[in-house]
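Subject: Structure handover

Hello,

Here is the structure you asked about. Please open it next to this email and follow along; my notes come after it.

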Amino acid sequence: MTKTAVLAGCGAMSKGWLKAVLEAPKLAGRVEVVGPVDLDPAVAQARADEFRLSGAAIGSDLDAMLAQTKPDLLFDVVVPVARHDVVATGLKHGCHVLSEKPMATSLAAGHDTVALARQVGRVHAVVQNRRFISGVRRIRQLLGERGAGAIDGAALRFLHRRAFRRLPRADGECAAARHGDPYAGCGAVHGGQDAAGGLLPRNQSARLWYGHGAAANAIFEFSDDVVFTYRGSWAAEGANTSWESARRFVGTKGSLLWDGEDSFEAKVVAGDSGFLRELTAIEVPEPADLAQTHGHASVIAEFLAAIAENRQPETAGSDNIKSLAMVFAAIESAGTRQRVTIAV
Ligand SMILES: NC(=O)c1ccc[n+]([C@@H]2O[C@H](COP(=O)([O-])OP(=O)(O)OC[C@H]3O[C@@H](n4cnc5c(N)ncnc54)[C@H](O)[C@@H]3O)[C@@H](O)[C@H]2O)c1
């Protein structure tokens with residue numbers, strides 16, 4: 001049965017959402033967008049025109065739009081500072097809500113959102129589109145099969161140069177929150193282990209066009225003793241990584257490297273003598289399910305499947321809050337220069 005959806009926030013990212021909903025074969029005919037809403041109704045109208053949402057109501061007041069259209073779903077693509085109120089409004093109207101990331105601008109707001117979703121018995125999930133790409137699914141497959149043995153170390157590098165406008169301090173902290181997705185990087189390894197502690201030794205204003213927080217180096221320790229290091233910069237001149245970041249996993253049998261694009265290097269120990277053991281290359285398997293490799297379209301499909309099966313989706317807010325906790329712990333650690341215990 002087709003679900004109806006209101007789309008809140010019709011800026012840049014909403015285009016990707018509408019393309020996924022209207023054009024991805026797996027989503028064809030499954031969602032009807034009945035009401036694009038934006039603080040600026042002209043922006044909502046323009047997006048509706050672009051995607052030929054001819055029967056849709058156009059609005060600037062989310063509460064009124066939800067009362068008018070009574071949709072099954074709310075797609076939340078607003079700016080992070082508006083997220084908490086937008087999600088709460090959707091949940092109070094009985095919608096299942098799928099939010100853009102980050103899920104909140106504070107841990108307290110994240111907890112509040114998770115509690116409200118639980119209270120009203122609706123699904124709230126976050127678009128972690130970078131979990132739903134081929135490379136990450138392939139890594140997950142190999143590590144799940146213990147191809148490199150038990151993992152004890154993981155590292156992620158995201159190094160880019162972006163000349164964004166100068167960010168004020170609060171936005172700078174959000175920019176830090178947007179440094180890739182640490183938990184997604186680790187989620188590929190862990191399947192359920194939570195970060196227990198974090199240290200962020202440096203979070204500096206690396207380049208003049210940023211007010212704050214352009215680079216971050218963090219160390220996270222997980223509850224199963226895996227250590228995950230994260231190095232991110234939006235102001236790295238030269239030698240940039242892929243947008244998906246470069247990753248390395250170290251296991252008891254071998255190591256796996258991914259350049260964030262098409263290149264993998266997976267090697268395991270083949271010999272049992274000598275100071276340096278002989279290594280042999282192993283295949284990195286294809287993703288178990290190709291349908292899980294299409295970014296936003298795959299996240300939306302998983303969200304719909306979870307609703308239909310009365311379960312939590314892979315990127316449920318109740319899980320994503322662990323990512324958020326890592327980010328805020330890192331920001332706190334940068335301020336205090338102390339290790340922070342992460343508790344969600
Ligand atoms: N998943 C990804 O890869 C990815 C990439 C970039 C941005 N994002 C996230 O997507 C979200 C949107 O980013 P964007 O680049 O589209 O921003 P944007 O500024 O282009 O668009 C946001 C829109 O939301 C509207 N808005 C704000 N508050 C609202 C409210 N209360 N009700 C209705 N509309 C409201 C604004 O008027 C604006 O048009 C952000 O959370 C951002 O972090 C995700």
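By class, the shell around the ligand is made up of 15 nonpolar, four polar and four charged residues. Please keep in mind that this is a predicted model. The ligand is surrounded by 23 residues, and the closest are Gly9, Gly11, Met13, Ala82 and Glu100. Two elements give two or more residues to this shell: helix H1 (12-23) and helix H4 (80-92).

Next, the sheet. Strands of a sheet pair through backbone hydrogen bonds, and the pairing is either parallel or antiparallel. Here the sheet is open and has five strands in the order E2-E1-E3-E4-E5, with parallel pairing. Which strands stand at the edges? They are E2 and strand E5 (124-126); each has a single partner strand, so one side of each is left without a neighbour in the sheet. From one strand to the next, the twist averages 20°.

E1 (residues 3-8) pairs with strand E2 (residues 31-37) in the parallel sense, over six bridges. Between E1 and E2 the chain passes through H1, and this β-α-β crossover is right-handed. E1 also pairs with strand E3 (residues 73-76), again in the parallel sense. That pairing has four bridges.

Last, a pair of helices. Two packed helices are described by the angle between their axes and the distance between the axes. How do H4 and H5 lie relative to each other, roughly parallel or roughly antiparallel? H4 and helix H5 (residues 107-120) pack at an angle of about 5°, and their axes are 10 Å apart. Angles under 35 degrees count as roughly parallel, and H4 and H5 are therefore roughly parallel to each other. On the H4 side, the contact is made by His84, Val87, Ala88 and Leu91. On the H5 side, the contact is made by Ala109, Asp112, Thr113, Leu116, Ala117 and Val120. By class, this contact of H4 with H5 has seven nonpolar, two polar and one charged residues.

Regards

Note on methods: Residues numbered from 1 in each chain as written. Predicted model: local features only at pLDDT ≥ 70, side-chain atom pairs only at ≥ 80, totals over all residues. Near = placed C-beta within 6 Å. Nonpolar A, V, L, I, M, F, W, Y, C, P; charged D, E, K, R; others polar. Axes fitted to C-alpha atoms, helices over the stretch in contact; angles between N-to-C directions. Parallel < 35°, antiparallel > 145°, perpendicular 65-115°, else oblique. Contact = placed C-beta atoms within 7 Å. Pairing = 2+ DSSP bridges. Right-handed = clockwise from strand over helix to strand, strands pointing away.
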